[in-house]
Amino acid sequence: MHECRLVEGETGLVASVVDGDTLVLDSGLEVRLVGMQAPKLPLGRPDFTAWPLAEEAKTALERLALGQAAQLRYGGARRDRYGRALAHVEILPEGGEPLWLQQAMVAGGLARVYSFADNRQCVDALMNVERQARKSGLGLWPDPYYAIRPATDPALATRHDVYDLVEGRVVSVGERGPIAYLDFGRDWSTDFTAVLTAEALAALAEDGIDVKALRGKRVRLRGWIESHDGPSLRITHPEQLELLDQW
């Protein structure tokens, strides 16, 4: 379990809410709530269909944050390629207790944990909250769109460029240069595969996890589904891989 270490950043009033994981301060700074992903809205993108519960997630964030004082806290990369702040956000209601927006959204089932190799702080805490929301069937979790996919599900082959949670037992572990592969079927060219980068392998080793020992273990993965000789998911950091068996 990693500690949650953040440093204080900007403050301001929440002037508007773009969607379920993005807000704008009165300074004009657009803030992406790092560590979580809410259902997506089209936001002007042609041929993009809103994900289920996208409007509900935006409404929930508005209810929690709009017009409130906010404190930004950083634990990794501070800006994305669009110039948005990548921050954990604490709402400071007058006369009330501080509210961690990421925790509130994930706890209500209106966002999933979503992390990056350069922004891993507080993800463990959010994962615990997500498990409770999923167990309680809150928000998006009962919706089939957000179901945890079995690694053996042939439909994964049709879910290219979709963010999914995938669960299954590792059939074999292969290595090719600095990259490792977790295979979830006998046919590596068509069955689902997790691709672990060198950075992920090094970070897992620091956590005491030997990737070769994952053979025969049940795991839950999260990330964007890609299509390379069958469906695959790229693992760049340990928080994308949950161990479901006792070690």
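1. Two strands are said to pair if DSSP finds at least two bridges between them. In this predicted model, strand β10 (residues 163–169) and strand β14 (residues 218–227) meet that condition, being joined by seven bridges and running antiparallel.

2. A second hairpin is made by β11 and β12, with two residues between the strands. Glycine 177 lies in the turn and has a positive phi of about 65 degrees. Strand β11 (residues 172–176) and strand β12 (residues 179–183) are antiparallel and share five bridges. Arginine 176 stands opposite isoleucine 179 of β12.

3. Proline 238 belongs to the loop between β15 (231–235) and β16 (241–243). Is this proline buried or exposed? Its relative accessible area is 9%, and because the cut-off for buried is under 20%, proline 238 counts as buried. Leaving aside residues up to four places away in sequence, proline 238 touches Arg120, Ala203, Leu204 and Asp207. Its C-alpha atom is separated by 9.5 Å from that of isoleucine 209, which is 29 residues away along the chain.

4. The structure holds seven aromatic pairs. In one of them, the ring centres of tyrosine 114 and phenylalanine 116 are 5.0 Å apart and the planes stand at 70 degrees; planes over 60 degrees apart count as edge-to-face, so this pair is edge-to-face. Tyrosine 114 is buried, at 11% relative accessible area, whereas phenylalanine 116 is partly exposed, at 38%. Both residues are in a cluster that ring pairs build from Tyr114, Phe116, Tyr163 and Trp224.

5. What is the geometry of the pair formed by phenylalanine 184 and phenylalanine 192? The centres of the two rings lie 5.4 Å apart and the planes are at 45 degrees, so the pair is tilted. Phenylalanine 184 is buried, with 6% relative accessibility, and phenylalanine 192 is buried as well, with 3%.

6. The largest pocket has a volume of about 600 Å³. Its lining has 23 residues, and those closest to the centre are Arg32, Lys40, Asp80, Tyr82 and Arg84. The elements that give two or more residues to this lining are β1 (7–19), β3 (30–33) and β4 (35–37). By residue class, the lining of the largest pocket divides into 10 nonpolar, three polar and 10 charged residues.

Key:
Residues numbered from 1 in each chain as written. Predicted model: local features only at pLDDT ≥ 70, side-chain atom pairs only at ≥ 80, totals over all residues. Heavy atoms only, no water. 1 Å grid on protein atoms, 1.4 Å probe; cavity = no way out; pocket = protein on both sides within 12 Å on 5 of 7 lines; lining within 4 Å. Points joined across faces, edges and corners; volume = space filled by probe spheres on them. Helix = DSSP H or I, 4+ residues; strand = E, 2+ residues; numbered from the N terminus. Nonpolar A, V, L, I, M, F, W, Y, C, P; charged D, E, K, R; others polar. Buried < 20%, exposed > 50% of the residue type's maximum accessible area, 1.4 Å probe, protein only. Contact = heavy atoms within 4.5 Å. Phe/Tyr/Trp six-rings, centres within 6.5 Å; stacked < 30°, edge-to-face > 60°.
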